[in-house]
Amino acid sequence: MAEPHRSPQTNAIADWIAAQEALLTCDAPDWEVCERLIEASKAVSQEISPLHMTAPVEAFPLNLAPGVGNTDRPAWQRFVEADQRLKLILAEGWIAAARLCTGVTSPPEAVIRRWAAALDETMAKVSASERYTKALVEWLRAGLAAGLPMRPPATPVPPSPPIANSPREIIWQDGRVTLSRYEGARRGTPLLIVHGLIGRQTVCDLEDDRSIVATLLGTGADIWVIDWGNPARGDQTQGFTDHLERWIARAAQTMADLTERKPALMGICQGGLFVLCHAARNPDSTAGIALTGTPVDFHADLSGEEGCLNRLARSLPEDVIEGLLAPDGLLPGAMTGALFQAMTPGRTFKKYTVDLAEKLTDPRKMATFARMEAWLADRPDLPGGVAREWLIDLYQKNALVAGAFRVGGGTIDLSRIRCPILNIVAENDHIVPPDCSRALAQYVPNAAYRTIEVPTGHIGVFVSEAAKDRVAPGIAGWLAAI
């Protein structure tokens with residue numbers, strides 16, 4: 001990789017490239033040059049990022065702060081050794097990425113863009129290895145044994161223009177959960193939006209021209225939404241049964257009572273599992289279900305390109321899962337957010353450096369960026385009951401399609417669903433492999449089933465230009481027909 005012209009603005013880039021070249025000269029990754037690359041990555045992100053923000057740019061999982069330690073010296077030493085083993089394995093991805101970029105010259109932006117794409121390509125191969133998975137589990141277990149706070153610090157929600165501006169009225173609040181109804185013409189089948197617990201439903205109403213909610217309201221649709229609020233220690237035992245019976249069933253009944261029509265439900269990611277379970281348990285009172293980014297067969301990716309998140313979730317021993325839930329019984333939202341960022345380290349690095357720099361001259365793009373960052377940072381914790389069912393019963397045991405997923409004392413049978421289904425699949429989804437969503441078709445033989453495929457990622461379904469003219473109009477047409 002050729003060194004760009006040195007200037008006060010590109011010194012960090014030159015040092016960053018030199019750090020990668022030092023790795024290239026090693027027969028095997030060396031700890032000293034790994035540390036050099038970590039520091040160079042931090043420096044280049046600070047130099048290029050015009051906002052001087054603290055971005056999650058390191059490809060390595062942990063950088064130990066000075067003074068961090070534990071009085072149990074053997075446990076601490078075991079963690080340091082596990083930390084270094086994991087970083088050395090990940091360094092192999094850095095080396096491979098640098099080799100793919102040999103010959104790429106200035107401008108520095110071109111170097112970073114090429115390297116970012118190469119890094120995601122090579123890291124995907126590294127993280128697919130059994131050696132990496134084993135090292136990661138050992139790292140987690142050693143950190144827990146050393147008493148380290150394994151949860152990342154919560155990311156402060158950055159300032160941004162207002163999000164979710166479509167006016168709505170709160171119909172009821174029950175504990176941390178609220179049911180709201182959007183203002184508008186309110187014609188036809190009412191639709192309830194059910195997001196997963198690891199994000200906010202506000203992504204459906206990010207801004208005026210990137211709002212599925214606003215588009216649907218523009219057609220006269222009657223739109224409702226559940227807001228899951230912020231789980232606290234007292235919510236740690238809540239599982240699928242609590243969410244379905246206490247809140248989703250109540251919301252659906254409220255909608256039916258006030259509109260005198262059977263409601264339809266739209267489930268987003270994990271929320272799609274709630275919606276499927278509700279429809280299977282209430283087939284005669286559900287008008288239709290729409291899904292986006294919803295995994296159904298959690299092992300469908302095993303016969304093709306295995307998903308990074310699927311692989312990790314399937315590999316976590318129960319003692320590690322329990323350790324991550326301690327001490328308050330919640331899976332930290334900051335942890336899931338950091339994991340999603342780490343799945344594509346190159347894309348994350350590029351996003352906060354050269355991509356961000358390009359947006360500075362366009363106030364509209366900067367406003368969209370700020371709104372998206374505010375949404376990404378606002379991740380609630382996940383109740384331990386749901387986390388265990390999600391990771392163990394669904395990811396590991398694939399209980400839903402095995403006919404063994406129990407809710408409220410009964411087993412969920414997807415074949416009981418008889419209402420129309422619209423399944424929106426993101427073709428480039430790196431969080432939920434598309435095959436895990438497409439698999440739904442074979443488990444709902446009694447439903448009128450339709451798929452919309454869009455060339456986006458998991459969140460791009462709601463905010464990308466590629467999906468803008470397909471997703472919201474597709475939902476509106478489907479809703480009008482049921």
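How many cavities of 30 Å³ or more does a search of the whole structure find? The search finds 1. A cavity here is a set of points, on a 1 Å grid over the protein atoms alone, where a 1.4 Å probe fits but cannot get out.

Before we go on, a word on the model: it is predicted, with local features needing pLDDT of at least 70 and side-chain atom pairs counting only at pLDDT 80 or more, while totals for chains, interfaces and linings use all residues. Residues are numbered from 1 along each chain as its sequence is written, and side-chain values use heavy atoms, with hydrogens and water left out.

**Cavity and pocket**

The largest cavity is lined by Gly-199, Arg-200, Gln-201, Ile-226, Asp-227, Trp-228, Gly-229 and Pro-380. Lining residues have an atom within 4 Å of a point. A pocket, by contrast, is an open set with protein on both sides within 12 Å along at least five of seven lines. The second largest pocket has 17 lining residues, and Asp-209, Arg-210, Ser-211, Thr-215 and Lys-468 lie nearest its centre. Among the elements that each supply at least two residues of this lining are helix H6 (212-218) and helix H18 (471-481).

Here are the two side by side; a volume is the space filled by probe spheres set on the points, with grid points joined across faces, edges and corners.

| Site | Volume | Lining by class |
|---|---|---|
| Largest cavity | about 30 Å³ | 3 nonpolar, 3 polar, 2 charged |
| Second largest pocket | about 180 Å³ | 8 nonpolar, 3 polar, 6 charged |

Ala, Val, Leu, Ile, Met, Phe, Trp, Tyr, Cys and Pro count as nonpolar, Asp, Glu, Lys and Arg as charged, and the others, Gly among them, as polar.

**The sheet**

Strands (E, at least two residues) and helices (H or I, at least four) are DSSP runs, numbered from the N terminus. Eight of the strands form an open sheet with mixed pairing, in the order E1-E2-E6-E3-E7-E8-E13-E14. Two strands pair if DSSP finds at least two bridges between them. At the edges, E1 (168-174) and E14 (449-454) each pair on one side only. Strands E2 (residues 177-182) and E6 (residues 221-227) run antiparallel and are joined by 4 bridges, with Arg-181 opposite Trp-224 in E6. Helix H7 (residues 240-259) packs on the sheet, touching E1, E2, E3, E6 and E7, where contact means heavy atoms within 4.5 Å.

Terms used
Axes are lines fitted to C-alpha atoms, for helices over the stretch in contact, and angles run from 0 to 180 degrees between N-to-C directions.
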